[in-house]
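Open your viewer and load the model. This tour tells you what to select at each stop and what you will find there.

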Amino acid sequence: MRLGERIHRIERAKGLDRVAGAMKRVVDAVPEGRFRDVLHGVQLGHPMHPLMVQVPIGAWLSAAVLDCFPGTERSARRLVNTGIIAAVPAMAAGAADWSRQHERHQRVGVVHAAANNVALMLYGASSMARSRGRHGWGKALGAAGLGAVGVGGMLGAHIAYHLAGGANRADYVTDRMPSEWHDIGMLTEFPEETPMHGVLGDTPLVIVRSGGEVHVMAEICSHMSGPLSKGEVSDDCITCPWHGSTFRLADGGVVSGPATASQPVLETRVRDGVVSVRRPESGALVPPPRSEAAGAGSEQEKQPTTGRARG
Ligand code: FES
């Protein structure tokens with residue numbers, strides 16, 4: 001059996017659900033808000049966890065290389081300690097992401113976290129042994145820790161690549177939108193402040209008429225594919241019903257996580273009561289700042305602005 005298939009078995013291991021539930025209760029004690037958004041990477045516009053794990057992995061790997069050479073004990077110990085310190089916020093960021101993922105991700109995440117906690121303990125023991133001058137033990141424990149980190153990293157990669165946990169689930173829409181105008185319905189079909197499901201080809205869209213404007217964006221949430229047409233609209237934003245990510249209607253920008261990637265927004269126009277959409281002319285599905293857009297023309301029926309059109 002191939003390695004990937006073995007890891008898929010973990011996804012189906014319902015026995016892990018009790019542990020996952022207990023872990024989730026602990027992680028959920030951290031309230032939604034700015035701190036959680038920092039852990040997700042909302043302000044960066046990029047998931048924080050994969051960035052932060054570079055430090056402990058890099059430090060511990062470097063320590064392992066130094067352990068191969070005589071006279072490097074002091075530097076190696078510093079690297080081991082650097083990795084221990086850096087692992088704590090990296091784990092916190094990973095836990096925040098994990099708590100907003102699906103069951104299968106969480107089962108693999110439980111084993112991923114266990115492997116990394118074992119690694120952390122081994123490196124803690126390695127550091128203590130090194131500080132007492134027992135460098136042989138320090139190196140051996142460090143090597144075992146590196147092995148545990150390798151297992152943890154492999155499982156983390158499975159979550160990221162096989163299960164697309166942390167991937168931008170809505171990005172594909174960017175490549176599937178036509179550059180020509182396509183009608184998606186009559187303006188009267190879209191009630192004010194009510195997200196409506198629509199399709200263009202086989203791509204699902206969410207359409208929101210708000211404040212006299214029509215906004216159209218990819219329906220599946222960039223976080224974990226939640227259906228935005230079942231979300232709530234308020235304050236010119238739409239909130240995903242699954243984990244509460246909030247996106248600006250005007251440009252799809254993330255107001256609050258766990259999503260870190262903007263929602264693709266389409267260029268919109270209304271003519272003779274018909275709402276049409278197309279890929280923004282810039283090719284990017286995020287519009288220019290309002291000041292630039294304002295200079296492009298004032299009559300929206302002739303000069304539509306990305307992501308919205310007046311009704
Ligand atoms: S799917 Fe998680 S916030 Fe939308």
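What share of the 311 residues in the protein chain is buried? Buried residues make up 46% of them. Keep in mind that this is a predicted model.

**The whole chain**

Start with everything in view. The protein chain has 10 helices and 11 strands. Now show the C-alpha trace. Along its principal axes, the trace spans about 80 × 45 × 35 Å.

**Two helices side by side**

Select residues 54-66, which are helix α5, and residues 73-98, which are helix α6. Their axes come within 8 Å. They cross at roughly 160°. Angles over 145 degrees count as roughly antiparallel, so α5 is roughly antiparallel to α6. The crossing of α5 and α6 is left-handed.

Next come charged pairs. Side chains of opposite charge can pair when their charged atoms come close. A search of the whole structure finds 12 salt bridges.

Select arginine 100 and glutamate 32. Their side chains meet in a salt bridge, at 2.6 Å from N to O. The two residues are 68 apart in the chain, so to speak of sequence positions, and the pair links distant parts. Arginine 100 sits in the loop between α6 and α7 (103-131). Glutamate 32 sits in the loop between α2 (17-27) and α3 (34-40).

Are these two residues buried or exposed, or partly exposed? Arginine 100 counts as buried, at 10% relative accessibility. Glutamate 32 is partly exposed, with a relative accessible area of 46%.

**Arginine 130 and aspartate 67**

Select arginine 130 and aspartate 67. They form a salt bridge, with the closest N and O atoms 2.8 Å apart. Arginine 130 lies in helix α7, and aspartate 67 in the loop between α5 and α6, so the pair ties together parts that are 63 residues apart in sequence.

Arginine 130 is buried, with a relative accessible area of 4%. Aspartate 67 counts as buried too, at 15% relative accessibility.

How many residues apart in sequence are arginine 130 and arginine 169? They are 39 residues apart in sequence. In space they are 45 Å apart, C-alpha to C-alpha.

**Arginine 278 and glutamate 267**

Move to the strands. Select arginine 278 and glutamate 267. Their salt bridge has its closest N and O atoms 3.0 Å apart. Arginine 278 lies in strand β10 and glutamate 267 in strand β9, so the pair ties together parts that are 11 residues apart in sequence.

Check the surface again. Arginine 278 is buried, with a relative accessible area of 13%. Glutamate 267 counts as buried at 5% relative accessibility.

**Two loop residues with positive phi**

Now look at the backbone. Select glutamate 193. It has a positive phi of about 60°, although it is not a glycine. Where is glutamate 193 found? Look in the loop between β1 (182-186) and β2 (196-200). Glutamate 193 counts as partly exposed, at 37% relative accessibility.

Go on to aspartate 272. Its phi is near 50°, a positive value in a residue other than glycine. Aspartate 272 has its place in the loop between β9 and β10 (274-278). Why does aspartate 272 count as exposed? Its relative accessibility is 76%, and exposed means over 50%.

**A cis peptide bond**

Select glycine 257 and proline 258. Zoom in on the bond that joins them. The peptide bond from glycine 257 to proline 258 is cis. Its omega is near 25°. Proline 258 is in the loop between β8 (254-256) and β9 (267-271).

**Last stop: a nonpolar patch**

Finish on the surface. Select Leu3, Val151 and Met154. What do they form? They make a nonpolar patch on the surface. Together they have about 240 Å² of accessible area.

Leucine 3 is partly exposed, with a relative accessible area of 49%.

How values were computed
Residues are numbered from 1 along each chain as its sequence is written. This is a predicted model: local features need pLDDT of at least 70, side-chain atom pairs count only at pLDDT 80 or more; totals for chains, interfaces and linings use all residues. Side-chain values use heavy atoms; hydrogens and water are left out. Patches are made of residues with over 30% relative accessible area and no salt bridge: like charges are joined within 9 Å, nonpolar side chains (Val, Leu, Ile, Met, Phe, Trp, Tyr) within 5 Å. Accessible areas come from the Shrake-Rupley method with a 1.4 Å probe; for residues, only the protein chains shown count as cover. A salt bridge is a side-chain nitrogen of Lys or Arg within 4 Å of a carboxyl oxygen of Asp or Glu. Buried means under 20% relative accessible area, exposed over 50%, partly exposed in between (1.4 Å probe, protein chains only). Axes are lines fitted to C-alpha atoms, for helices over the stretch in contact, and angles run from 0 to 180 degrees between N-to-C directions. Helices (H or I, at least four residues) and strands (E, at least two) are DSSP runs, numbered from the N terminus. Angles under 35 degrees count as roughly parallel, over 145 as roughly antiparallel, 65 to 115 as roughly perpendicular and the rest as oblique. A crossing is left-handed if the near helix is turned anticlockwise from the far one by less than a right angle, and right-handed if clockwise.
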